[in-house]
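I would like to walk you through one model, going from the chain as a whole to a few single residues.

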Amino acid sequence: MTAFAPLPFDIDLKNKVAVVTGGAGVLGAAMCRALAQCGAKVVIIGRDLAKAERLAESINNTGGFAQGMSCDVLDRGALENAAAHIASTLGPCDILINGAGGNHPKGITGQEYFDAETAGKDASQSSFFDLDMEGFKFVFDLNLMGTLLPSQVFAKQMLGRSGCSIINISSMSAYRPLTKVAAYSGAKAAVSNFTQWLAVHLGQSGIRVNAIAPGFFITEQNQKLMLQEDGSFTPRAQKVIAQTPMRRFGDASELIGALLWLVEAKASGFVTGAIIPVDGGFSAYAGV
Ligand SMILES: NC(=O)c1ccc[n+]([C@@H]2O[C@H](COP(=O)([O-])OP(=O)(O)OC[C@H]3O[C@@H](n4cnc5c(N)ncnc54)[C@H](O)[C@@H]3O)[C@@H](O)[C@H]2O)c1
């Protein structure tokens, strides 16, 4: 049997059911492993069943309990079916991590700064005026509605029970928009705002709602923006590092301390509506 990676600290999640959307992604997988290592029954939700099942198998082979499920976070019917199946086989959901999220090439401009001379000449020079509403809609739907819908479906199972919480995944682009990624920045700002709104709305229900705002981690979804074909940093990645006081990218394992703290009511029972940056100082740095 292989071993889990060491945790920053232990919490006891025995008999808890944790649902992680986008759980087979790079950041989600680290979270699934950590939750399972603390004893939770983890359901990995993704569109690619084989990928979710591969991760579940590796967690199960390491002594945890995980199960992969195919479900689109934008499909309410599929979410409701998944929630009913989970409740009847494992029990009601105690922890929901809304990890599914991402970007779309049509929601990104090629130009950082509008240059009338070259704007729109080719994809690398696309500007605000070339942005495609289809791309914008895709990114808003995935990040915002893909957080709202699973919350609506799974929080119903949390009502009237103690120790339940929702954790959304925001981004540095929610604080101040990053150049080029107009749709993603707006959508993640909406995720942060929604986190606060829902925390207030559910404030007396016993369900805590918080978010983690990761800084920069190299994953599948930003690899092309951050790494050249030879593995060296793109100019954009170099800018990110220059704006990150710790002068490096994060490792997915570095999100786990914040995750476990937010999940454990004994540690963070009075914390709701918080958005915790895990960013090597990026959000604190003025650049001077
Ligand atoms: N990588 C970073 O530096 C970074 C920084 C800040 C925030 N984030 C956010 O963290 C979260 C995880 O990102 P990641 O970097 O691990 O990306 P990832 O692409 O590795 O993981 C995202 C997962 O979501 C799944 N997914 C996408 N659309 C879905 C849908 N409609 N239904 C169900 N599942 C769907 C994907 O299949 C994938 O497994 C995302 O919300 C992302 O926006 C990432």
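This is a predicted model: local features need pLDDT of at least 70, side-chain atom pairs count only at pLDDT 80 or more; totals for chains, interfaces and linings use all residues.

Residues are numbered from 1 along each chain as its sequence is written, and side-chain values use heavy atoms, with hydrogens and water left out.

The protein chain has nine helices and seven strands, where helices (H or I, at least four residues) and strands (E, at least two) are DSSP runs numbered from the N terminus. Its radius of gyration, taken over C-alpha atoms, is 19 Å, close to the 19 Å that the globule rule (2.2 Å times the number of residues to the power 0.38) gives for 288 residues, so the chain is as compact as a globular protein of that length. Along the principal axes, the C-alpha atoms fill a box of roughly 60 × 40 × 35 Å.

Buried residues make up 48% of the 288; here buried means under 20% relative accessible area, exposed means over 50%, and partly exposed is in between, with a 1.4 Å probe and protein chains only. If we take contacts (heavy atoms within 4.5 Å) with a separation of 6 or more, residues 24 or more positions apart account for 72% of them.

Now to the interior. A nonpolar core is a set of buried Ala, Val, Leu, Ile, Met, Phe, Trp, Tyr and Cys residues joined through side-chain atoms within 4.5 Å. The largest one has 41 residues, of which Leu-35, Val-42, Ile-44, Ile-97, Ile-212 and Leu-259 touch the most other members. Elements that each supply at least two residues of this core include strand S1 (17–21), helix H1 (26–37), strand S2 (41–46) and helix H8 (256–263), and the largest share, seven residues, comes from H1. Val-42 illustrates the packing: leaving aside neighbours within four places in sequence, Val-42 is in contact with Ala-18, Val-20, Cys-32, Leu-35, Ala-36, Phe-65, Ala-66 and Gln-67. Apart from this core lies another, of 28 residues, among them Ile-45, Phe-154, Ile-166 and Leu-202.

Two residues deserve a look for their backbone. Most residues other than glycine have a negative phi. Asn-15, however, has a positive phi, near 70°; Asn-15 is found in the segment before S1 and is exposed, at 66% relative accessible area. Arg-247, in the loop between H7 and H8, also has a positive phi, of about 60°, and counts as partly exposed at 46% relative accessibility.

Finally, Glu-220 is found in the loop between strand S6 (208–214) and helix H6 (223–226), and counts as exposed at 55% relative accessibility. Not counting residues up to four places away in sequence, Glu-220 touches Val-26 and Lys-51, whereas Glu-220 and Thr-89, 131 residues apart in sequence, are 32 Å apart in space, C-alpha to C-alpha.
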